[in-house]
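Here's a quick tour for anyone opening this one up for the first time. Have a look, then read on.

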Amino acid sequence: QVQVVESGGGLVQPGGSLRLSCTVSGSIFSINAMGWYRQAPGKQRELVAAITSGGTTNYADSMKGRFTISRDNAKNTVYLQMNSLKREDTAVYYCNAQLRPRYYTWVDDYWGQGTQVTVSS
């Protein structure tokens, strides 16, 4: 089995910062890309940022310059540092890992349960 567990969400004032963490554990052969998505009420889930195992990053345009994704391959953990938060950043943030489980030959998407980020004064 594979577990994807996020942490670090919460309530923050506009202009503030939060750091999300996501750790993947279990029977894993390899992890390819990891990333963060978010879903606001009434909206579709959207990409926030992603990072390959080699460290190449990709950001949604609205997050560039404010959010930073990083990764610790030894810990199977991905981070999202969010600065200059805006009210419109309020959403449930989901961690995604594209990985190959041990004893399997294909790569599949695994998701965390989500962590709520609320930006409000």
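## Before we start

This is a predicted model, where local features need pLDDT of at least 70, side-chain atom pairs count only at pLDDT 80 or more, and totals for chains, interfaces and linings use all residues. Residues are numbered from 1 along each chain as its sequence is written, and side-chain values use heavy atoms, with hydrogens and water left out.

## The sheet

An open sheet is built from 4 strands in the order E1-E3-E8-E7, with antiparallel pairing. Strands here are DSSP runs (E, at least two residues), numbered from the N terminus, and two of them pair if DSSP finds at least two bridges between them. At the edges, pairing on one side only, are strand E1 (2-7) and strand E7 (67-72).

Strand E3 (residues 18-26) and strand E8 (residues 77-82) share 6 bridges. Thr 23 faces Thr 77 of E8 across that pairing.

## Aromatic pairs

The whole structure holds 2 aromatic pairs (ring centres within 6.5 Å; planes under 30 degrees apart are stacked, over 60 edge-to-face, the rest tilted; Trp counts by its six-membered ring). Tyr 37 and Trp 111 sit with ring centres 5.0 Å apart and planes at 65°, so they're edge-to-face. Tyr 37 is in strand E4 and Trp 111 in strand E10, so this pair ties together parts 74 residues apart in sequence.

Tyr 104 and Trp 106 are edge-to-face too, at 4.9 Å and 80°.

## Charges over rings

The charged end of Arg 19 sits over the ring of Tyr 79, 4.1 Å from its centre (NZ of Lys or CZ of Arg within 6 Å of the ring centre and within 35 degrees of the ring normal). Arg 45 does likewise over Trp 111, at 4.7 Å.
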